[in-house]
Amino acid sequence: MSLSHRAGYVVGVLITLLALSHDCQARVHSHGRFVRIKGTRFVLHRSYFVFNGFNSYWMMHVAADTSERYKVSKTFREAAAAGLSVCRTWAFSDGGDRALQISPGVYDERVFQYVEWARNAGVNVNGEDDFYTNPTMKGYYKNHVKKVTARLNTVTKIAYKDDPTIMAWELMNEPRCQADYSGRMVNGWVQEMASFVKSLDSKHLLEIGMEGFYGDSMPEKKVNNPGYQVGTDFITNNLIKERLYHHTCIS
């Protein structure tokens, strides 16, 4: 995956498929139950929540085409029948084919590239890793988060930030940074954006979307990385003050 694409992969969501059951949906929504953390375990309805999940990042892209939208419902039905209760998918697509965010702040409701947008706006951009530090690009990201968390579900009329069907938000898909291999630049971004997301939505769990690379906080462990560095520090990232839970992307 190229860095240019990676810089646009922001905001993912984990969806609990409990809502596929009508009875569960009514119970979850009426009591406003959200998945929580108790120690090292997930809790739902005062019971430990153990799940099998799957990754279908493509759902939003497919759903934008009415002729292909049935594939999303079919996938959920088959997943629920197989005992899968959590789905990870993306809540972003910036510019290009079937984009969610066509240009800064302009969205395509059928679906519902920051660096290039910043350049086009006349911002002095040194490279794609400016995504983590440039105020304009961070503003693009925060505006997107506001839009997604506040959006009303057109079926249930519930704002995403209030919807228990969503288990958790993911800040970014596999962030990497070539400008600072120590991980400090990405960690500063993670801390800022985690605080921002939690200021808008304190009900849902939050995770980063890291690949699990060791960084400068445990230099002796770097030998366990797969022969290269990506500018992240998985340990430090997950010690920030916000209530995060651990999720490592495996590719």
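**Strands, charges and a buried aspartate**

Guide: β9 and β10 pair in the parallel sense, over three bridges. Keep in mind that this is a predicted model.

Visitor: Which residue in β10 is the bridge partner of W169?

Guide: That is L206.

Visitor: And what makes up the β-α-β unit, and what is its hand?

Guide: The unit consists of β9, α7 and β10, and it is right-handed.

Visitor: How many residues of β9 are buried?

Guide: Seven of the seven are buried, so β9 is largely enclosed by the rest of the structure.

Visitor: Buried or exposed, and which side chain of opposite charge is nearest?

Guide: D201 is buried, yet it has no salt bridge. The nearest side chain of opposite charge is K198, 6.5 Å away.

Visitor: Then what lies 2.9 Å from a polar atom of the D201 side chain?

Guide: The backbone nitrogen of K203 does.

Visitor: Which residues does D201 touch, not counting those up to four places away in sequence?

Guide: K161 and W169. W169 is the residue bridged to L206 in β10.

Visitor: You mentioned K203. What does its side chain do?

Guide: The K203 side chain meets D162 in a salt bridge, 2.8 Å from N to O. That pair links distant parts of the chain, 41 residues apart. K203 is in the loop between α7 and β10, while D162 is in the loop between α6 and β9.

Visitor: Which other salt bridge does D162 have?

Guide: One with K161, where the closest N and O atoms are 3.5 Å apart.

Visitor: How exposed are K161, D162 and K203?

Guide: K161 is partly exposed, with a relative accessible area of 29%. D162 is partly exposed too, at 28%. K203 is partly exposed at 32%.

Visitor: How many salt bridges turn up in the whole structure?

Guide: A search of the whole structure finds 10.

Visitor: Give me another one. What does E211 pair with?

Guide: E211 forms a salt bridge with R176, and the closest N and O atoms are 2.9 Å apart. E211 lies in the loop between β10 and α8, and R176 in the loop between β9 and α7, so the pair ties together parts that are 35 residues apart in sequence.

Visitor: Switching topic. What is the strand order in the open sheet of three strands?

Guide: The order is β2-β3-β4, with antiparallel pairing. β2, residues 36-38, and β4 stand at the edges, each with a single partner strand, so one side of each is left without a neighbour in the sheet.

Visitor: How many bridges hold β2 and β3 in their pairing?

Guide: Three, in the antiparallel sense. Within that pairing, K38 has R41 of β3 as its bridge partner.

Visitor: Remind me, what do strands of a sheet pair through?

Guide: Backbone hydrogen bonds, either parallel or antiparallel.

Visitor: Now backbone angles. What is phi for R46?

Guide: Near 65°, which is positive in a residue other than glycine. R46 is in the loop between β3, residues 41-44, and β4, residues 47-48. R46 counts as exposed, at 75% relative accessibility.

Visitor: And what is phi for K157?

Guide: About 65°, again a positive phi in a residue that is not a glycine. K157 is found in the loop between α6, residues 135-150, and β9, residues 166-172. At 58% relative accessibility, K157 counts as exposed.

Visitor: Last one. Where is W117, and is it buried or exposed?

Guide: W117 is in helix α5, residues 114-120. At 10% relative accessibility, W117 counts as buried.

Visitor: How far is its C-alpha atom from that of T136?

Guide: The C-alpha atoms of W117 and T136 are separated by 9.5 Å, with the two residues 19 apart along the chain.

How values were computed:
Residues are numbered from 1 along each chain as its sequence is written. This is a predicted model: local features need pLDDT of at least 70, side-chain atom pairs count only at pLDDT 80 or more; totals for chains, interfaces and linings use all residues. Side-chain values use heavy atoms; hydrogens and water are left out. Buried means under 20% relative accessible area, exposed over 50%, partly exposed in between (1.4 Å probe, protein chains only). Lys and Arg count as positive and Asp and Glu as negative; His and the chain ends are not counted. A salt bridge is a side-chain nitrogen of Lys or Arg within 4 Å of a carboxyl oxygen of Asp or Glu. A polar contact is a pair of N or O atoms within 3.5 Å; within protein, one must be able to donate a hydrogen and the other to accept it, and residues adjacent in sequence count only if both atoms are side-chain atoms. Contact means heavy atoms within 4.5 Å. Helices (H or I, at least four residues) and strands (E, at least two) are DSSP runs, numbered from the N terminus. Two strands pair if DSSP finds at least two bridges between them. A crossover is right-handed if, with the strands pointing away from the viewer, the path from the first strand over the helix to the second runs clockwise.
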